[in-house]
Amino acid sequence: MAVTYDESRVTVVDHPMVQHKLAILRDKNTTTKQFRELVSELALFEGYEATRDFPLEDAPVSTPLEDTVCKRIAGRKVAVLPILRAGLGMVDGILQLIPAAHVGHIGMYRDEVTHEPHEYYCKVPAGIAERTCLIVDPMLATGGSATAAITYLREQGAKDIRLLVLVAAPEGLAAVLEHDPGVRIYTCAIDRCLNENAYILPGLGDAGDRIFGTK
Ligand code: PRP
Ligand code: URA
């Protein structure tokens, strides 16, 4: 049976450059160095989409020729929250876009047999309730890790939560959107399904191992 979810809360970043880079990322022959660089670049592209609704305010600027009024972001505070480990690979890309963002960590690993998430270390920036929270993790498979991360952030008082992944399975999208009525999800691709080990097909394999070269 087809998996259904609220498509209005999912943004697929389908820019040609994103799709080109994602194809290289998926390739099993891509090296650890290339993989790490691509994850960071894709996070930067995704960050543009996930911040598209940030409000602007007038900002007076004196150019070399005259005084004018430009636009700047109206005091938005941002927290970047990687789900460890693989989410760490997306942090630098987001920080290139939002250098003043604060960074939290959500330590979560997926049990290889049950696929259930286990929390091992969590720390969030002060004032999390006033910040736009960008959870970053390359993979959204069953949705267990992301759901647990969102639950934790809500308990800490987070109000504006956006989940940025590079590859999502329909099962994971459905699980997260059903669990949390407020979250929005950004992804570069929605893949076909999960295999019997809850890996995404066609996917890109184990993102953490490919970023850190651990296999
Ligand atoms: C991977 C991935 C996500 C999670 C996705 O992490 O980075 O966090 O699995 O699967 P789910 O949607 O079914 O929860 P993993 O637990 O393998 O840890 P790692 O980042 O340390 O490799
Ligand atoms: N975690 C990964 O790294 N890849 C998958 O396909 C699923 C979970």
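Residues are numbered from 1 along each chain as its sequence is written, and chains are lettered from A and ligands numbered from 1 in the order of writing. Because the model is predicted, local features need pLDDT of at least 70 and side-chain atom pairs count only at pLDDT 80 or more, while totals for chains, interfaces and linings use all residues; side-chain values use heavy atoms, with hydrogens and water left out.

Ligand 1 has 16 residues around it, of which R110, D137, T142, G143 and S145 come nearest; a residue is near a molecule if one of its heavy atoms lies within 4 Å of it. By class, this shell holds seven nonpolar, five polar and four charged residues (Ala, Val, Leu, Ile, Met, Phe, Trp, Tyr, Cys and Pro count as nonpolar, Asp, Glu, Lys and Arg as charged, and the others, Gly among them, as polar). Polar contacts to the ligand are pairs of N or O atoms within 3.5 Å. A polar side-chain atom of D137 is found 2.4 Å from an oxygen atom of ligand 1, and a polar side-chain atom of R85 lies 2.9 Å from an oxygen atom of ligand 1. In R110, a backbone N or O atom is 2.7 Å from an oxygen atom of ligand 1. On its own, ligand 1 has 500 Å² of accessible area, and the protein covers 90% of that area (Shrake-Rupley method, 1.4 Å probe). Two or more residues of the shell come from each of β4 (77-84), β6 (105-110), β9 (139-140) and α4 (144-155); these elements are DSSP runs numbered from the N terminus, with helices (H or I) of at least four residues and strands (E) of at least two.

Backbone atoms supply several contacts. An N or O backbone atom of I200 lies 2.8 Å from an oxygen atom of ligand 2, and one of G205 lies 2.8 Å from a nitrogen atom of ligand 2. A polar backbone atom of A207 is 2.8 Å from an oxygen atom of ligand 2. The protein buries 88% of the 240 Å² that ligand 2 exposes when taken alone.

One aromatic pair is found in a search of the whole structure. The rings of Y109 and Y120 have centres 6.0 Å apart and planes at 40°, so the pair is tilted (rings of Phe, Tyr and Trp, the last by its six-membered ring, pair if their centres lie within 6.5 Å; planes under 30 degrees apart count as stacked, over 60 as edge-to-face and the rest as tilted). Since Y109 lies in strand β6 and Y120 in strand β7 (residues 117-123), the pair ties together parts that are 11 residues apart in sequence.

L84 and R85 are joined by a cis peptide bond with omega of about -5°, and R85 is placed in the loop between β4 and α3 (88-97). A cis peptide bond with omega of about -5° also joins L201 and P202; P202 belongs to the loop between β15 (200-201) and α6 (207-212). H115, although not a glycine, has a positive phi of about 65°, and its place is in the loop between β6 and β7.

Note on methods. Polar contact = N/O pair within 3.5 Å; in protein donor to acceptor, adjacent residues only side chain to side chain.
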